[in-house]
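Here is a short tour of one protein model. Look at the sequence and the fold first, then read on.

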Protein chains: 2
Amino acid sequence: MNKVFHAITEKQQDADATTMAADITSDYQLEDQVGFILRCVNQRHLSIFSRLIPDLTPTQFSALTKLCENGQASQNELGRMIAIDAATIKGVVDRLKLRGLISSESQPSDLRRLILKPTAKGRQLFDQIRVAALAVSEETLKPLSDKERHLFFRLLMKLR
Amino acid sequence: MNKVFHAITEKQQDADATTMAADITSDYQLEDQVGFILRCVNQRHLSIFSRLIPDLTPTQFSALTKLCENGQASQNELGRMIAIDAATIKGVVDRLKLRGLISSESQPSDLRRLILKPTAKGRQLFDQIRVAALAVSEETLKPLSDKERHLFFRLLMKLR
DNA sequence: GCAAATTAGTTTGTATGCTAACAGTTTATG
DNA sequence: CATAAACTGTTAGCATACAAACTAATTTGC
């Protein structure tokens with residue numbers, strides 16, 4: 001799982017969020033920087049994801065999901081849809097292909113393009129996992145009330 | 001810089017955050033999952049960081065900052081302070097050492113430990129960069145009002 | 001006091017994620 | 001129509017990031 005995450009949360013559980021947020025502009029404190037906490041929250045999410053969905057990485061799941069949602073896409077197109085650059089998406093696609101979850105064929109009308117589609121096995125895995133994916137979101141947001149979740153979501157969207 | 005981030009934001013600028021957040025539990029949509037958006041927000045932050053602070057990666061900056069704040073730390077200790085596992089912190093420390101920003105010596109009372117300290121050059125760089133680091137946070141949070149920033153910070157802290 | 005458990009650091013392997021440079025293909029432009 | 005510009009996928013290189021397995025040193029438990 002994720003040893004670092006647990007070590008950290010145990011240590012800093014009692015921190016006073018309101019106070020720390022107050023002096024952002026005064027003295028420099030690493031823990032007050034958005035980027036640092038963002039990284040920790042992301043870390044916690046990844047830890048939850050890999051525990052509930054050990055079969056795929058979040059990135060692989062995103063790619064498979066988008067292909068199942070759209071039916072097909074070219075490689076770079078897929079990357080743009082889930083915010084992954086061309087160099088990275090290649091590796092992701094290669095690994096999904098290696099596991100028989102997606103297939104690729106070149107598009108006759110544009111020989112540069114590789115058309116990717118989910119295989120039957122890929123669609124089956126996606127259907128199995130999508131429920132767990134909702135549980136991942138649920139557990140990630142567990143520390144927040146329903147009202148706080150919607151608020152957090154709205155603010156997070158603005159920072160995309 | 002970060003080509004993916006720009007391509008994505010241009011496309012999805014007009015998305016309605018409130019509506020999308022509303023149906024989290026109904027039909028599965030990748031864009032509604034916290035983890036996905038969290039990753040995008042993190043991506044945007046990294047892009048801002050590398051533009052304003054090209055000299056160091058966020059992780060390297062975190063490590064250097066903690067050493068400057070604390071004076072010294074052992075390698076694993078440093079990793080725990082900034083939520084980085086032992087395998088990763090080794091590479092980070094090696095690269096900072098290679099650039100002469102930190103020094104290491106083994107601790108006589110415990111021969112397993114490597115005591116890390118920032119060098120004069122390291123402290124100097126940190127002092128130069130800390131202002132830019134505040135600017136990174138500022139620009140990352142730019143889409144939010146002051147009230148929203150404090151709110152976001154409070155909620156983010158809860159999800160650590 | 002000594003074996004067992006723990007801790008610190010290292011190494012290997014896998015997966016993201018980015019930049020930069022490249023070749024082949026297609027589109028736009030003069 | 002010819003050439004420049006843009007796009008698609010690929011490769012290499014670097015930097016996180018984590019799991020697992022390992023060595024060496026220290027601490028615990030009996």
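Which residue forms a salt bridge with A:Glu148? The partner is B:Lys158, and the closest N and O atoms are 2.8 Å apart. A salt bridge here is a side-chain nitrogen of Lys or Arg within 4 Å of a carboxyl oxygen of Asp or Glu. B:Lys158 lies in helix α8 (residues 146-158) of chain B and A:Glu148 in helix α8 (residues 146-158) of chain A, so the pair joins two chains. B:Lys158 is partly exposed at 37% relative accessibility. A:Glu148 is buried, with a relative accessible area of 14%. Buried means under 20% relative accessible area, exposed over 50%, and partly exposed in between (1.4 Å probe, protein chains only).

This is a predicted model, in which local features need pLDDT of at least 70 and side-chain atom pairs count only at pLDDT 80 or more, while totals for chains, interfaces and linings use all residues. Residues are numbered from 1 along each chain as its sequence is written, chains are lettered from A and ligands numbered from 1 in the order in which they are written, and side-chain values use heavy atoms, with hydrogens and water left out.

**Salt bridges**

Over all chains, the structure holds 21 salt bridges. Three of them are listed here.

| Pair | N to O distance |
|---|---|
| B:Lys158 and A:Glu148 | 2.8 Å |
| B:Lys90 and B:Asp94 | 2.8 Å |
| A:Arg113 and A:Glu77 | 3.7 Å |

Take the pair A:Arg113 and A:Glu77, joined by a salt bridge. A:Arg113 lies in strand β3 (residues 110-118) of chain A and A:Glu77 in helix α5 (residues 75-81) of chain A, so the pair ties together parts that are 36 residues apart in sequence. Helices (H or I, at least four residues) and strands (E, at least two) are DSSP runs, numbered from the N terminus. A:Arg113 is partly exposed at 29% relative accessibility. A:Glu77 is partly exposed too, with a relative accessible area of 30%.

The pair B:Lys90 and B:Asp94 sits within one helix, α6 (residues 86-98) of chain B. The two residues are 4 apart, about one helical turn. An α-helix has 3.6 residues a turn, so residues three or four places apart point the same way. B:Lys90 is partly exposed, with a relative accessible area of 43%. B:Asp94 is partly exposed at 30%. Elsewhere, salt bridges that share partners join A:Glu31, B:Lys66 and B:Glu69 into one network.

**Helix α6 of chain B**

α6(B) has 13 residues. Its first and last C-alpha atoms are 18 Å apart, close to the 18 Å expected at 1.5 Å a residue. The expected span is 1.5 Å times one less than the number of residues. Buried in this helix are B:Ile89, B:Gly91, B:Val92, B:Val93 and B:Leu96. What do the buried residues of α6(B) pack against? They pack against α4 (58-70), α5 (75-81), β2 (102-107) and β3 (110-118) of chain B. Just after the helix, B:Gly100 takes a positive phi of about 70°.

**Strands of chain B**

β2(B) and β3(B) run antiparallel, joined by 6 bridges. They form a hairpin with 2 residues between them. B:Gln107 has B:Asp110 in β3(B) as its bridge partner. Strand β1 (residues 73-74) of chain B also pairs with β3(B) in the antiparallel sense, over 2 bridges. Two strands pair if DSSP finds at least two bridges between them. B:Ala73 stands opposite B:Leu116 in β3(B).

**The nonpolar core**

The largest nonpolar core has 86 residues. Such a core is a set of buried Ala, Val, Leu, Ile, Met, Phe, Trp, Tyr and Cys residues joined through side-chain atoms within 4.5 Å. A:Leu78, A:Phe152, B:Leu78 and B:Phe152 touch the most other members. Leaving out residues up to four places away in sequence, B:Leu78 touches B:Ala63, B:Lys66, B:Leu67, B:Ala73, B:Ile89, B:Val93 and B:Leu116. Contact means heavy atoms within 4.5 Å.

**Chain A as a whole**

Chain A has 8 helices and 3 strands. Along the sequence they follow the pattern α-α-α-α-β-α-α-β-β-α-α. Of the 160 residues in chain A, 48% are buried. In helix α3(A), 14 of the 19 residues are buried.
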